[in-house]
Amino acid sequence: MELTLITRLRAINKGVALAVGFGLLLCAAFVLTDIVMRQIGTSLGGTEEIAGYAMALATSWGMSYTLLELGHVRIDLLRSRANSFGRALFDVFAMIVMTGVIITIAIKAWPVVERSLINGSTANTPLETPLIWVQMPWFAGWVWFAIMSTLTTLAALSLLLKRRHAETESFVGAFAEQDTLQ
């Protein structure tokens, strides 16, 4: 059951990653178009602002994909010296701490979004972008990461309690060790 959940989450996150990547490609094309237009004396304007929004969205949504692809930075000096059970304990502990941090970020992000929604806030730029247009999907990305991280932690914890230690490494282990495990 746990591994099926992780497989489904990976599939969802792969779709999210493709959508985010496509969005970044569109942003890059927009910036490139603006650079070319500047060479002929005109500009689209707002490329810096839009690129910043794209990066914020890519970060909040991309973190979930990175989690299940074992792309987050880990310092695993002690973990690498432990047996299978010890590594699983370190992995679950790391996931519990990270999940707590991500849930805190998602909770703390809501007042920012709420304030923009209530005040009808716009960016202090020539585009005067309504901030809710950017902040709502940014917030949704953090909420998705919190949900993803929680589900992943629960799956790892379940496998740990069932003494299926080695199976946790495929989705919460350290990337550097994956080559040696296969």
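**Reading salt bridges and a helix**

Modeller: Arg38 and Asp34 both belong to helix α1, four residues apart, about one turn of the helix. This is a predicted model, in which local features need pLDDT of at least 70 and side-chain atom pairs count only at pLDDT 80 or more, while totals for chains, interfaces and linings use all residues. Residues are numbered from 1 along each chain as its sequence is written, and side-chain values use heavy atoms, with hydrogens and water left out.

Biologist: In what kind of contact do the side chains of Arg38 and Asp34 meet?

Modeller: A salt bridge is a side-chain nitrogen of Lys or Arg within 4 Å of a carboxyl oxygen of Asp or Glu. Arg38 and Asp34 form one, at 2.8 Å from N to O.

Biologist: Is Asp34 buried or exposed?

Modeller: Buried means under 20% relative accessible area, exposed over 50%, and partly exposed in between (1.4 Å probe, protein chains only). Asp34 is buried at 1%, whereas Arg38 is partly exposed at 43%.

Biologist: Which residue forms a salt bridge with Glu2?

Modeller: Lys162 does, with the closest N and O atoms 2.6 Å apart. Glu2 lies in helix α1 and Lys162 in the loop between α4 and α5, 160 residues apart.

Biologist: What span should helix α3 have?

Modeller: Helices (H or I, at least four residues) and strands (E, at least two) are DSSP runs, numbered from the N terminus. The expected span is 1.5 Å times one less than the number of residues. The 36 residues of α3 should therefore span 52 Å, and the end C-alpha atoms are 53 Å apart, which agrees.
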